[in-house]
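Student: I would like a close look at one part of this model. Please take the charged side-chain pairs and then what surrounds them.

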Amino acid sequence: MFPRPIQQASPQARVLYQIALPIALILWLLPLIGVAMTSVRPSSDLAAGNYFGLPSAIAFDNYLAVFRNSPIASYILNSFKVTIPTVIGAVALSCMTGFALAVYKFRGNVLIFFLFVAGNFVPFQILMVPVRDLTLQLGLYDTTLGLALFHIAFQTGFCTLFMRNFIRALPYELIEAARVEGVSEIRIFWYVVLPLMRPAIAALSVLVFTFIWNDYFWATVLTTGAATQPVTAGLYSLNGQWVAAWHLVSAGSIIAALPPVLMFFLMQKHFIAGLTLGAVK
Amino acid sequence: MQAYLKANQRRLAPWLFLAPGALFFVVYVIAPIFQSMAISFYDWDGLGEAVWIGLDNYVELVDDEAFYVSLKNNVLWLALYMLAVPAGLLIAIFLNQTVWGIRAYKSLFFFPFVISQVVVGLMFSWFYAPNFGLLYAIIEAITGQGVAILAEERFVTYGIIAAGLWPQIAYVMILYLTGLNNVAPDQIEAARLDGAKGWKMLWYVILPQLRPATFIAVVVTVIGALRSFDLVSIMTTGGPFGSSRVLSFYMYEQALSEYGYRMGYGAAIAVVLFAIMMVFITGFIWKMWRDEKDH
(Lines give C-alpha, C1' and ligand atoms only; values in the text may rest on other atoms or scores of the structure.)
Protein backbone atom coordinates (compact mmCIF):
# COMPACT_ATOMS: atom_id res chain seq x y z
CA MET A 1 0.00 0.00 0.00
CA PHE A 2 1.16 3.50 -0.78
CA PRO A 3 1.66 5.60 1.19
CA ARG A 4 2.72 3.49 4.17
CA PRO A 5 -0.31 2.74 6.38
CA ILE A 6 -0.72 5.43 8.99
CA GLN A 7 -1.06 2.69 11.63
CA GLN A 8 2.66 2.05 11.21
CA ALA A 9 3.53 5.70 11.76
CA SER A 10 4.41 7.34 15.06
CA PRO A 11 1.53 8.12 17.46
CA GLN A 12 2.01 11.85 16.83
CA ALA A 13 1.69 11.39 13.08
CA ARG A 14 -1.46 9.36 13.60
CA VAL A 15 -3.08 12.02 15.75
CA LEU A 16 -2.00 14.68 13.26
CA TYR A 17 -3.60 12.73 10.43
CA GLN A 18 -6.86 12.34 12.30
CA ILE A 19 -6.95 16.10 12.91
CA ALA A 20 -5.91 17.01 9.39
CA LEU A 21 -8.69 14.96 7.78
CA PRO A 22 -11.70 16.99 8.97
CA ILE A 23 -9.86 20.31 8.55
CA ALA A 24 -8.98 19.49 4.96
CA LEU A 25 -12.55 18.42 4.30
CA ILE A 26 -14.02 21.63 5.68
CA LEU A 27 -11.64 23.75 3.63
CA TRP A 28 -12.40 21.68 0.55
CA LEU A 29 -16.15 22.01 0.95
CA LEU A 30 -16.12 25.62 2.11
CA PRO A 31 -18.10 27.02 -0.85
CA LEU A 32 -20.67 24.27 -0.41
CA ILE A 33 -20.94 24.76 3.35
CA GLY A 34 -21.37 28.47 2.79
CA VAL A 35 -24.19 27.95 0.35
CA ALA A 36 -25.88 25.35 2.55
CA MET A 37 -25.79 27.76 5.46
CA THR A 38 -27.08 30.64 3.35
CA SER A 39 -29.94 28.47 2.16
CA VAL A 40 -31.34 28.32 5.71
CA ARG A 41 -30.46 31.88 6.64
CA PRO A 42 -33.44 34.16 7.26
CA SER A 43 -33.46 37.15 4.92
CA SER A 44 -33.33 39.45 7.95
CA ASP A 45 -29.78 38.18 8.56
CA LEU A 46 -28.71 39.22 5.09
CA ALA A 47 -30.30 42.62 5.56
CA ALA A 48 -28.41 43.02 8.83
CA GLY A 49 -25.11 42.11 7.17
CA ASN A 50 -24.78 38.69 8.78
CA TYR A 51 -23.55 36.91 5.65
CA PHE A 52 -21.35 34.18 6.99
CA GLY A 53 -21.78 34.02 10.71
CA LEU A 54 -24.13 31.45 12.16
CA PRO A 55 -27.73 32.00 11.00
CA SER A 56 -29.77 33.69 13.73
CA ALA A 57 -32.51 31.13 13.09
CA ILE A 58 -32.93 28.16 10.80
CA ALA A 59 -35.22 29.34 8.03
CA PHE A 60 -36.56 26.41 6.09
CA ASP A 61 -39.05 28.96 4.75
CA ASN A 62 -36.47 29.78 2.09
CA TYR A 63 -37.12 26.39 0.55
CA LEU A 64 -40.87 26.87 0.79
CA ALA A 65 -40.50 30.30 -0.77
CA VAL A 66 -38.53 28.87 -3.67
CA PHE A 67 -41.29 26.39 -4.43
CA ARG A 68 -44.05 28.92 -3.90
CA ASN A 69 -42.60 31.87 -5.80
CA SER A 70 -40.89 30.16 -8.69
CA PRO A 71 -41.64 27.41 -11.20
CA ILE A 72 -38.85 25.25 -9.74
CA ALA A 73 -41.19 22.27 -9.35
CA SER A 74 -41.87 22.43 -13.07
CA TYR A 75 -38.13 22.75 -13.83
CA ILE A 76 -37.43 19.64 -11.78
CA LEU A 77 -40.20 17.73 -13.49
CA ASN A 78 -38.72 18.73 -16.86
CA SER A 79 -35.31 17.51 -15.75
CA PHE A 80 -36.81 14.10 -15.03
CA LYS A 81 -38.64 14.15 -18.36
CA VAL A 82 -35.32 14.63 -20.13
CA THR A 83 -33.11 12.50 -17.92
CA ILE A 84 -35.11 9.29 -17.57
CA PRO A 85 -35.75 8.68 -21.30
CA THR A 86 -32.12 9.52 -21.99
CA VAL A 87 -30.84 6.98 -19.49
CA ILE A 88 -33.11 4.28 -20.88
CA GLY A 89 -32.42 5.14 -24.51
CA ALA A 90 -28.66 5.54 -24.32
CA VAL A 91 -28.17 2.41 -22.21
CA ALA A 92 -30.42 0.31 -24.46
CA LEU A 93 -28.76 1.46 -27.68
CA SER A 94 -25.26 1.04 -26.31
CA CYS A 95 -25.97 -2.47 -25.01
CA MET A 96 -26.57 -3.41 -28.62
CA THR A 97 -23.72 -1.43 -30.21
CA GLY A 98 -21.32 -2.55 -27.49
CA PHE A 99 -22.35 -6.17 -28.05
CA ALA A 100 -21.89 -5.88 -31.81
CA LEU A 101 -18.45 -4.31 -31.49
CA ALA A 102 -17.21 -6.63 -28.75
CA VAL A 103 -18.41 -10.00 -30.00
CA TYR A 104 -18.16 -9.95 -33.80
CA LYS A 105 -15.17 -9.68 -36.06
CA PHE A 106 -16.06 -7.75 -39.18
CA ARG A 107 -14.49 -5.20 -41.46
CA GLY A 108 -14.58 -1.72 -40.02
CA ASN A 109 -15.19 -2.88 -36.46
CA VAL A 110 -12.35 -0.87 -34.93
CA LEU A 111 -13.05 2.10 -37.19
CA ILE A 112 -16.69 2.26 -36.10
CA PHE A 113 -15.66 1.87 -32.49
CA PHE A 114 -13.22 4.77 -32.74
CA LEU A 115 -15.88 6.92 -34.43
CA PHE A 116 -18.08 6.48 -31.37
CA VAL A 117 -15.17 7.27 -29.07
CA ALA A 118 -13.98 10.31 -31.03
CA GLY A 119 -17.50 11.66 -31.48
CA ASN A 120 -17.91 11.58 -27.76
CA PHE A 121 -14.98 14.01 -27.34
CA VAL A 122 -15.99 16.71 -29.82
CA PRO A 123 -16.82 20.20 -28.56
CA PHE A 124 -20.56 20.77 -28.34
CA GLN A 125 -20.29 23.99 -30.33
CA ILE A 126 -19.49 22.17 -33.57
CA LEU A 127 -22.84 20.37 -33.23
CA MET A 128 -24.86 23.30 -31.97
CA VAL A 129 -26.16 25.01 -35.11
CA PRO A 130 -27.06 21.85 -37.08
CA VAL A 131 -28.61 20.09 -34.07
CA ARG A 132 -30.71 23.12 -33.23
CA ASP A 133 -31.76 23.33 -36.84
CA LEU A 134 -32.64 19.64 -37.03
CA THR A 135 -34.65 19.89 -33.81
CA LEU A 136 -36.54 22.87 -35.24
CA GLN A 137 -37.29 20.99 -38.44
CA LEU A 138 -38.54 17.97 -36.54
CA GLY A 139 -40.91 20.30 -34.68
CA LEU A 140 -39.23 19.31 -31.42
CA TYR A 141 -37.59 22.62 -30.58
CA ASP A 142 -38.45 23.68 -27.03
CA THR A 143 -39.70 20.23 -26.03
CA THR A 144 -38.21 17.86 -23.50
CA LEU A 145 -38.37 15.11 -26.14
CA GLY A 146 -36.19 17.06 -28.56
CA LEU A 147 -33.59 17.55 -25.84
CA ALA A 148 -33.75 13.91 -24.79
CA LEU A 149 -33.29 12.67 -28.36
CA PHE A 150 -30.06 14.59 -28.75
CA HIS A 151 -28.78 13.42 -25.37
CA ILE A 152 -29.55 9.80 -26.24
CA ALA A 153 -27.55 10.10 -29.43
CA PHE A 154 -24.59 11.85 -27.85
CA GLN A 155 -24.40 9.64 -24.76
CA THR A 156 -24.45 6.57 -26.98
CA GLY A 157 -20.85 7.41 -27.89
CA PHE A 158 -19.55 7.23 -24.34
CA CYS A 159 -21.81 4.32 -23.43
CA THR A 160 -20.68 2.29 -26.42
CA LEU A 161 -17.04 2.70 -25.40
CA PHE A 162 -17.95 1.54 -21.93
CA MET A 163 -20.18 -1.39 -22.91
CA ARG A 164 -17.84 -2.68 -25.57
CA ASN A 165 -14.91 -2.80 -23.14
CA PHE A 166 -17.08 -4.42 -20.52
CA ILE A 167 -18.38 -7.16 -22.82
CA ARG A 168 -14.87 -7.76 -24.12
CA ALA A 169 -13.80 -8.65 -20.60
CA LEU A 170 -16.55 -11.29 -20.26
CA PRO A 171 -15.58 -14.93 -20.85
CA TYR A 172 -16.00 -15.49 -24.58
CA GLU A 173 -16.38 -19.26 -24.08
CA LEU A 174 -19.94 -18.68 -22.84
CA ILE A 175 -20.92 -17.31 -26.23
CA GLU A 176 -19.07 -20.03 -28.09
CA ALA A 177 -20.77 -22.70 -26.02
CA ALA A 178 -24.19 -21.21 -26.72
CA ARG A 179 -23.44 -21.14 -30.45
CA VAL A 180 -22.45 -24.78 -30.42
CA GLU A 181 -25.83 -25.48 -28.82
CA GLY A 182 -27.44 -23.73 -31.78
CA VAL A 183 -28.72 -20.70 -29.88
CA SER A 184 -29.51 -17.81 -32.20
CA GLU A 185 -27.46 -14.60 -31.96
CA ILE A 186 -30.34 -12.53 -30.64
CA ARG A 187 -30.99 -15.08 -27.91
CA ILE A 188 -27.31 -15.13 -27.01
CA PHE A 189 -27.52 -11.37 -26.58
CA TRP A 190 -30.71 -11.54 -24.55
CA TYR A 191 -30.19 -14.62 -22.40
CA VAL A 192 -26.42 -14.99 -22.12
CA VAL A 193 -24.80 -11.56 -22.35
CA LEU A 194 -27.45 -9.14 -21.10
CA PRO A 195 -27.80 -10.75 -17.63
CA LEU A 196 -24.03 -10.47 -17.21
CA MET A 197 -24.15 -6.78 -18.09
CA ARG A 198 -26.17 -5.80 -15.04
CA PRO A 199 -23.29 -4.09 -13.21
CA ALA A 200 -22.37 -2.17 -16.36
CA ILE A 201 -25.98 -1.14 -16.89
CA ALA A 202 -26.22 0.07 -13.30
CA ALA A 203 -22.95 1.99 -13.55
CA LEU A 204 -23.90 3.65 -16.82
CA SER A 205 -27.39 4.51 -15.61
CA VAL A 206 -26.13 6.52 -12.64
CA LEU A 207 -23.43 8.19 -14.68
CA VAL A 208 -25.72 9.18 -17.53
CA PHE A 209 -28.33 10.33 -15.05
CA THR A 210 -25.81 12.68 -13.45
CA PHE A 211 -24.41 13.95 -16.75
CA ILE A 212 -27.83 14.72 -18.19
CA TRP A 213 -29.30 16.14 -15.02
CA ASN A 214 -26.36 18.52 -14.83
CA ASP A 215 -26.36 19.50 -18.49
CA TYR A 216 -26.73 23.20 -19.01
CA PHE A 217 -25.50 23.95 -22.52
CA TRP A 218 -28.02 21.90 -24.49
CA ALA A 219 -30.80 22.96 -22.19
CA THR A 220 -30.18 26.59 -23.14
CA VAL A 221 -29.78 25.78 -26.84
CA LEU A 222 -32.83 23.56 -27.29
CA THR A 223 -35.37 24.81 -24.75
CA THR A 224 -36.53 28.27 -23.72
CA GLY A 225 -39.35 28.60 -21.17
CA ALA A 226 -40.29 27.31 -17.73
CA ALA A 227 -42.63 24.81 -19.41
CA THR A 228 -39.72 22.86 -20.90
CA GLN A 229 -36.46 23.98 -19.34
CA PRO A 230 -34.65 21.61 -17.00
CA VAL A 231 -33.60 22.79 -13.57
CA THR A 232 -30.06 23.85 -14.52
CA ALA A 233 -31.27 26.37 -17.08
CA GLY A 234 -34.17 27.30 -14.82
CA LEU A 235 -31.87 28.01 -11.92
CA TYR A 236 -29.86 30.36 -14.07
CA SER A 237 -32.89 32.36 -15.11
CA LEU A 238 -34.10 32.48 -11.49
CA ASN A 239 -30.69 33.78 -10.50
CA GLY A 240 -31.34 36.71 -12.84
CA GLN A 241 -34.67 37.45 -11.16
CA TRP A 242 -33.43 37.06 -7.61
CA VAL A 243 -30.63 39.58 -7.81
CA ALA A 244 -28.93 39.61 -4.40
CA ALA A 245 -31.54 37.29 -2.85
CA TRP A 246 -28.76 34.86 -2.05
CA HIS A 247 -30.79 32.89 0.45
CA LEU A 248 -33.22 31.95 -2.36
CA VAL A 249 -30.48 31.31 -4.92
CA SER A 250 -28.76 29.04 -2.40
CA ALA A 251 -31.91 27.12 -1.56
CA GLY A 252 -32.62 26.71 -5.27
CA SER A 253 -29.07 25.49 -5.87
CA ILE A 254 -29.35 22.89 -3.14
CA ILE A 255 -32.67 21.67 -4.53
CA ALA A 256 -31.22 21.39 -8.04
CA ALA A 257 -28.16 19.52 -6.77
CA LEU A 258 -30.06 17.04 -4.65
CA PRO A 259 -31.18 14.33 -7.12
CA PRO A 260 -27.71 13.54 -8.55
CA VAL A 261 -26.23 13.73 -5.07
CA LEU A 262 -28.79 11.24 -3.75
CA MET A 263 -28.17 9.05 -6.78
CA PHE A 264 -24.45 9.14 -6.07
CA PHE A 265 -24.83 8.16 -2.44
CA LEU A 266 -27.26 5.35 -3.20
CA MET A 267 -25.23 3.92 -6.05
CA GLN A 268 -21.73 4.99 -5.07
CA LYS A 269 -20.02 1.74 -5.92
CA HIS A 270 -21.48 1.65 -9.42
CA PHE A 271 -20.85 5.32 -10.00
CA ILE A 272 -17.16 5.07 -9.27
CA ALA A 273 -16.83 1.79 -11.15
CA GLY A 274 -18.31 3.59 -14.16
CA LEU A 275 -15.98 6.55 -13.98
CA THR A 276 -12.86 4.54 -13.55
CA LEU A 277 -13.45 1.78 -16.05
CA GLY A 278 -10.53 1.89 -18.39
CA ALA A 279 -8.41 3.82 -15.92
CA VAL A 280 -7.22 0.61 -14.38
CA LYS A 281 -6.50 -2.49 -16.30
CA MET B 1 -35.91 -15.63 -46.48
CA GLN B 2 -35.96 -17.21 -43.05
CA ALA B 3 -33.47 -19.80 -44.12
CA TYR B 4 -31.18 -17.09 -45.51
CA LEU B 5 -31.32 -15.13 -42.27
CA LYS B 6 -30.59 -18.22 -40.25
CA ALA B 7 -27.67 -19.26 -42.39
CA ASN B 8 -26.09 -15.81 -42.40
CA GLN B 9 -27.02 -14.61 -38.97
CA ARG B 10 -23.49 -14.28 -37.72
CA ARG B 11 -22.67 -12.04 -40.67
CA LEU B 12 -25.82 -9.95 -40.36
CA ALA B 13 -26.16 -9.78 -36.59
CA PRO B 14 -23.50 -7.13 -35.91
CA TRP B 15 -25.05 -4.75 -38.41
CA LEU B 16 -28.53 -5.22 -37.00
CA PHE B 17 -27.28 -4.63 -33.48
CA LEU B 18 -25.34 -1.56 -34.59
CA ALA B 19 -28.05 0.00 -36.73
CA PRO B 20 -30.21 1.86 -34.19
CA GLY B 21 -27.35 3.30 -32.14
CA ALA B 22 -25.26 4.15 -35.18
CA LEU B 23 -28.20 5.84 -36.89
CA PHE B 24 -28.78 8.10 -33.90
CA PHE B 25 -25.10 8.85 -33.62
CA VAL B 26 -24.65 9.66 -37.29
CA VAL B 27 -27.70 11.93 -37.45
CA TYR B 28 -26.99 13.88 -34.26
CA VAL B 29 -23.20 13.80 -33.93
CA ILE B 30 -21.24 12.81 -37.04
CA ALA B 31 -23.27 14.60 -39.70
CA PRO B 32 -23.56 17.90 -37.75
CA ILE B 33 -19.75 18.14 -37.63
CA PHE B 34 -19.65 18.31 -41.43
CA GLN B 35 -22.75 20.48 -41.60
CA SER B 36 -21.08 22.98 -39.28
CA MET B 37 -18.01 23.03 -41.49
CA ALA B 38 -20.24 23.77 -44.46
CA ILE B 39 -22.20 26.47 -42.62
CA SER B 40 -18.94 28.24 -41.76
CA PHE B 41 -18.67 29.26 -45.43
CA TYR B 42 -22.02 31.04 -45.34
CA ASP B 43 -23.46 34.23 -44.03
CA TRP B 44 -26.63 33.05 -42.33
CA ASP B 45 -28.93 34.35 -39.61
CA GLY B 46 -30.54 30.95 -39.04
CA LEU B 47 -33.83 31.86 -40.64
CA GLY B 48 -33.42 33.56 -44.01
CA GLU B 49 -31.43 32.61 -47.05
CA ALA B 50 -27.85 31.52 -46.42
CA VAL B 51 -25.37 33.38 -48.62
CA TRP B 52 -22.16 31.72 -49.74
CA ILE B 53 -19.23 33.90 -48.76
CA GLY B 54 -16.36 31.44 -49.01
CA LEU B 55 -13.60 32.07 -46.50
CA ASP B 56 -14.86 35.49 -45.41
CA ASN B 57 -15.83 34.30 -41.93
CA TYR B 58 -12.32 32.99 -41.36
CA VAL B 59 -10.79 36.17 -42.78
CA GLU B 60 -12.88 38.13 -40.32
CA LEU B 61 -11.72 35.90 -37.46
CA VAL B 62 -8.09 36.75 -38.19
CA ASP B 63 -8.81 40.42 -37.44
CA ASP B 64 -11.21 39.81 -34.57
CA GLU B 65 -9.73 40.89 -31.28
CA ALA B 66 -12.40 39.07 -29.25
CA PHE B 67 -11.35 35.87 -30.98
CA TYR B 68 -7.78 36.29 -29.76
CA VAL B 69 -8.93 37.04 -26.23
CA SER B 70 -10.97 33.83 -26.29
CA LEU B 71 -8.10 31.85 -27.75
CA LYS B 72 -5.69 33.19 -25.15
CA ASN B 73 -8.15 32.30 -22.38
CA ASN B 74 -8.52 28.80 -23.79
CA VAL B 75 -4.76 28.34 -23.61
CA LEU B 76 -4.87 29.62 -20.03
CA TRP B 77 -7.64 27.14 -19.20
CA LEU B 78 -5.72 24.30 -20.76
CA ALA B 79 -2.52 25.12 -18.89
CA LEU B 80 -4.04 25.80 -15.47
CA TYR B 81 -6.59 22.99 -15.67
CA MET B 82 -3.65 20.59 -15.81
CA LEU B 83 -3.05 21.47 -12.15
CA ALA B 84 -5.99 19.17 -11.44
CA VAL B 85 -3.78 16.16 -12.22
CA PRO B 86 -1.07 16.66 -9.55
CA ALA B 87 -3.61 18.14 -7.11
CA GLY B 88 -5.91 15.15 -7.56
CA LEU B 89 -2.98 12.79 -7.06
CA LEU B 90 -1.98 14.62 -3.90
CA ILE B 91 -5.44 14.37 -2.36
CA ALA B 92 -5.71 10.73 -3.41
CA ILE B 93 -2.45 9.94 -1.63
CA PHE B 94 -3.61 11.89 1.41
CA LEU B 95 -6.84 9.90 1.58
CA ASN B 96 -5.41 6.50 0.70
CA GLN B 97 -5.43 5.16 4.26
CA THR B 98 -7.60 2.74 6.12
CA VAL B 99 -8.81 4.62 9.16
CA TRP B 100 -12.26 4.89 10.66
CA GLY B 101 -14.67 6.83 8.44
CA ILE B 102 -12.30 7.17 5.51
CA ARG B 103 -14.91 5.99 3.02
CA ALA B 104 -17.15 8.86 4.00
CA TYR B 105 -14.23 11.27 3.58
CA LYS B 106 -13.51 9.94 0.13
CA SER B 107 -17.08 10.37 -1.03
CA LEU B 108 -17.37 13.83 0.49
CA PHE B 109 -14.18 14.91 -1.26
CA PHE B 110 -15.68 13.64 -4.49
CA PHE B 111 -18.83 15.67 -3.92
CA PRO B 112 -18.05 18.70 -6.11
CA PHE B 113 -17.96 16.50 -9.21
CA VAL B 114 -21.52 15.28 -8.70
CA ILE B 115 -22.94 18.80 -8.58
CA SER B 116 -23.93 20.65 -11.74
CA GLN B 117 -21.51 23.29 -12.99
CA VAL B 118 -24.41 25.74 -12.83
CA VAL B 119 -24.56 25.20 -9.08
CA VAL B 120 -20.76 25.28 -8.80
CA GLY B 121 -20.76 28.56 -10.71
CA LEU B 122 -23.37 30.09 -8.42
CA MET B 123 -21.49 28.88 -5.34
CA PHE B 124 -18.26 30.47 -6.44
CA SER B 125 -20.00 33.67 -7.53
CA TRP B 126 -21.25 33.90 -3.97
CA PHE B 127 -17.81 33.01 -2.62
CA TYR B 128 -16.23 35.81 -4.72
CA ALA B 129 -19.04 38.35 -4.33
CA PRO B 130 -17.85 41.86 -3.53
CA ASN B 131 -18.53 43.18 -0.02
CA PHE B 132 -19.95 40.04 1.52
CA GLY B 133 -18.32 37.10 -0.30
CA LEU B 134 -16.15 34.95 1.92
CA LEU B 135 -13.05 35.26 -0.25
CA TYR B 136 -13.57 39.00 -0.59
CA ALA B 137 -13.77 39.27 3.20
CA ILE B 138 -10.64 37.17 3.68
CA ILE B 139 -8.64 39.26 1.22
CA GLU B 140 -9.95 42.42 2.83
CA ALA B 141 -8.91 41.18 6.26
CA ILE B 142 -5.39 40.41 5.04
CA THR B 143 -4.65 43.30 2.70
CA GLY B 144 -7.09 45.91 3.91
CA GLN B 145 -8.78 46.05 0.53
CA GLY B 146 -11.15 43.54 -0.97
CA VAL B 147 -10.95 42.38 -4.58
CA ALA B 148 -14.05 41.76 -6.67
CA ILE B 149 -12.51 38.91 -8.63
CA LEU B 150 -15.23 38.53 -11.23
CA ALA B 151 -15.33 42.24 -12.02
CA GLU B 152 -11.58 42.57 -12.55
CA GLU B 153 -10.27 41.94 -16.04
CA ARG B 154 -6.95 40.84 -14.60
CA PHE B 155 -8.37 38.15 -12.31
CA VAL B 156 -11.66 37.07 -13.78
CA THR B 157 -10.45 34.13 -15.86
CA TYR B 158 -8.31 32.82 -13.02
CA GLY B 159 -11.33 33.04 -10.72
CA ILE B 160 -13.46 31.00 -13.10
CA ILE B 161 -10.72 28.44 -13.68
CA ALA B 162 -10.37 28.00 -9.91
CA ALA B 163 -14.09 27.23 -9.75
CA GLY B 164 -13.66 24.72 -12.57
CA LEU B 165 -10.68 23.09 -10.89
CA TRP B 166 -12.75 22.26 -7.84
CA PRO B 167 -14.85 19.51 -9.45
CA GLN B 168 -12.05 18.53 -11.82
CA ILE B 169 -9.63 17.81 -8.97
CA ALA B 170 -12.32 15.67 -7.36
CA TYR B 171 -12.67 13.67 -10.57
CA VAL B 172 -8.92 13.12 -10.94
CA MET B 173 -8.72 12.17 -7.27
CA ILE B 174 -11.22 9.35 -7.76
CA LEU B 175 -9.29 8.06 -10.77
CA TYR B 176 -6.07 7.99 -8.74
CA LEU B 177 -7.71 6.45 -5.67
CA THR B 178 -8.84 3.53 -7.81
CA GLY B 179 -5.41 3.38 -9.40
CA LEU B 180 -3.68 3.31 -6.02
CA ASN B 181 -5.90 0.41 -5.03
CA ASN B 182 -4.45 -1.60 -7.86
CA VAL B 183 -0.78 -0.88 -7.32
CA ALA B 184 1.02 -4.20 -6.82
CA PRO B 185 1.81 -4.54 -3.09
CA ASP B 186 4.75 -6.89 -3.63
CA GLN B 187 6.55 -4.26 -5.72
CA ILE B 188 6.08 -1.68 -2.99
CA GLU B 189 7.42 -4.12 -0.42
CA ALA B 190 10.38 -4.96 -2.61
CA ALA B 191 11.12 -1.26 -3.11
CA ARG B 192 10.83 -0.68 0.63
CA LEU B 193 13.37 -3.41 1.29
CA ASP B 194 15.65 -1.60 -1.16
CA GLY B 195 15.24 1.51 0.98
CA ALA B 196 12.92 3.48 -1.32
CA LYS B 197 10.46 5.81 0.36
CA GLY B 198 8.66 9.12 0.01
CA TRP B 199 9.23 10.95 -3.27
CA LYS B 200 11.60 8.34 -4.65
CA MET B 201 9.03 5.63 -4.10
CA LEU B 202 6.32 7.77 -5.67
CA TRP B 203 8.38 8.71 -8.70
CA TYR B 204 10.06 5.41 -9.52
CA VAL B 205 7.62 2.79 -8.26
CA ILE B 206 4.12 4.20 -7.89
CA LEU B 207 3.75 6.68 -10.76
CA PRO B 208 4.79 4.21 -13.48
CA GLN B 209 2.07 1.88 -12.22
CA LEU B 210 -0.45 4.70 -12.22
CA ARG B 211 0.10 5.45 -15.89
CA PRO B 212 -3.32 4.25 -17.07
CA ALA B 213 -4.98 6.46 -14.45
CA THR B 214 -2.78 9.40 -15.41
CA PHE B 215 -3.66 8.94 -19.06
CA ILE B 216 -7.39 9.05 -18.38
CA ALA B 217 -6.92 11.97 -16.00
CA VAL B 218 -5.09 13.98 -18.66
CA VAL B 219 -7.69 13.10 -21.28
CA VAL B 220 -10.67 14.18 -19.20
CA THR B 221 -8.85 17.31 -18.05
CA VAL B 222 -7.95 18.44 -21.57
CA ILE B 223 -11.50 17.81 -22.78
CA GLY B 224 -12.90 19.56 -19.72
CA ALA B 225 -10.69 22.61 -20.24
CA LEU B 226 -11.57 22.99 -23.91
CA ARG B 227 -15.27 22.40 -23.29
CA SER B 228 -15.48 24.99 -20.54
CA PHE B 229 -18.68 26.87 -21.19
CA ASP B 230 -21.07 26.54 -18.26
CA LEU B 231 -18.96 28.38 -15.72
CA VAL B 232 -18.15 31.28 -18.01
CA SER B 233 -21.79 31.59 -18.95
CA ILE B 234 -23.02 31.41 -15.34
CA MET B 235 -20.39 33.46 -13.57
CA THR B 236 -19.68 36.34 -15.95
CA THR B 237 -21.37 35.79 -19.34
CA GLY B 238 -17.98 36.52 -20.79
CA GLY B 239 -17.47 39.82 -19.00
CA PRO B 240 -16.21 42.21 -17.87
CA PHE B 241 -15.90 43.59 -21.40
CA GLY B 242 -15.54 40.13 -22.88
CA SER B 243 -12.32 39.49 -20.97
CA SER B 244 -13.36 36.07 -19.69
CA ARG B 245 -14.68 34.70 -22.97
CA VAL B 246 -13.46 31.36 -24.23
CA LEU B 247 -13.97 30.01 -27.75
CA SER B 248 -16.94 27.84 -26.78
CA PHE B 249 -18.69 30.80 -25.20
CA TYR B 250 -17.78 33.28 -27.94
CA MET B 251 -19.21 30.89 -30.51
CA TYR B 252 -22.48 30.68 -28.62
CA GLU B 253 -22.59 34.44 -28.23
CA GLN B 254 -22.13 35.01 -31.95
CA ALA B 255 -24.60 32.36 -33.05
CA LEU B 256 -27.39 32.45 -30.49
CA SER B 257 -27.53 35.45 -28.24
CA GLU B 258 -28.82 38.98 -28.29
CA TYR B 259 -25.55 39.99 -29.94
CA GLY B 260 -26.77 38.47 -33.14
CA TYR B 261 -27.67 35.34 -34.96
CA ARG B 262 -24.51 34.91 -36.99
CA MET B 263 -24.65 31.16 -37.53
CA GLY B 264 -21.91 31.16 -40.15
CA TYR B 265 -19.46 33.14 -38.08
CA GLY B 266 -20.28 31.05 -35.01
CA ALA B 267 -19.71 27.89 -37.02
CA ALA B 268 -16.31 29.19 -38.11
CA ILE B 269 -15.32 29.69 -34.46
CA ALA B 270 -16.60 26.19 -33.67
CA VAL B 271 -14.49 24.77 -36.49
CA VAL B 272 -11.38 26.36 -35.00
CA LEU B 273 -12.23 24.92 -31.58
CA PHE B 274 -12.90 21.55 -33.18
CA ALA B 275 -9.52 21.67 -34.96
CA ILE B 276 -7.74 22.32 -31.66
CA MET B 277 -9.67 19.50 -30.00
CA MET B 278 -8.95 17.18 -32.93
CA VAL B 279 -5.21 17.44 -32.26
CA PHE B 280 -5.81 15.93 -28.82
CA ILE B 281 -8.50 13.49 -29.93
CA THR B 282 -6.20 12.10 -32.61
CA GLY B 283 -3.51 11.60 -30.00
CA PHE B 284 -5.87 9.75 -27.67
CA ILE B 285 -7.25 7.56 -30.41
CA TRP B 286 -3.77 6.76 -31.65
CA LYS B 287 -2.76 5.60 -28.19
CA MET B 288 -5.96 3.57 -27.82
CA TRP B 289 -5.30 1.96 -31.18
CA ARG B 290 -1.79 0.95 -30.12
CA ASP B 291 -3.13 -0.59 -26.91
CA GLU B 292 -5.78 -2.36 -28.93
CA LYS B 293 -3.16 -3.93 -31.19
CA ASP B 294 -1.12 -5.14 -28.24
CA HIS B 295 -4.19 -6.75 -26.77
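Which side chain meets that of B:Arg192 in a salt bridge?

Tutor: This is a predicted model, in which local features need pLDDT of at least 70, side-chain atom pairs count only at pLDDT 80 or more, and totals for chains, interfaces and linings use all residues. Residues are numbered from 1 along each chain as its sequence is written, chains are lettered from A and ligands numbered from 1 in the order in which they are written, and side-chain values use heavy atoms, with hydrogens and water left out.

The partner of B:Arg192 is B:Glu189, with an N to O distance of 3.5 Å. A salt bridge here is a side-chain nitrogen of Lys or Arg within 4 Å of a carboxyl oxygen of Asp or Glu. Both residues belong to helix α10 (residues 185-193) of chain B, three residues apart, about one turn of the helix. Helices are DSSP runs (H or I, at least four residues), and strands likewise (E, at least two), numbered from the N terminus. B:Arg192 counts as buried because its relative accessibility is 16%, whereas B:Glu189, at 43%, counts as partly exposed. Buried means under 20% relative accessible area, exposed over 50%, and partly exposed in between, using a 1.4 Å probe and protein chains only.

By the salt-bridge rule, the count over all chains is seven. Among them is the pair B:Glu253 and B:Arg245, at 2.6 Å from N to O; both of these residues are buried. B:Asp291 and B:Lys287 form another, their closest N and O atoms being 3.1 Å apart. B:Asp291 is partly exposed, at 26% relative accessible area, and B:Lys287 is partly exposed at 23%. In chain A, salt bridges link A:Glu176, A:Arg179 and A:Glu185 in a network.

Turning to the nonpolar surroundings, the largest nonpolar core has 200 residues, of which A:Leu127, A:Met128, A:Trp218, B:Phe110 and B:Ile206 touch the most other members. Helix α9 (residues 156-181) of chain B gives the most to this core, with 16 residues. Such a core is a set of buried Ala, Val, Leu, Ile, Met, Phe, Trp, Tyr and Cys residues joined through side-chain atoms within 4.5 Å. Leaving aside neighbours within four places in sequence, A:Met128 is in contact (heavy atoms within 4.5 Å) with residues including A:Trp218, B:Met251 and B:Tyr252.
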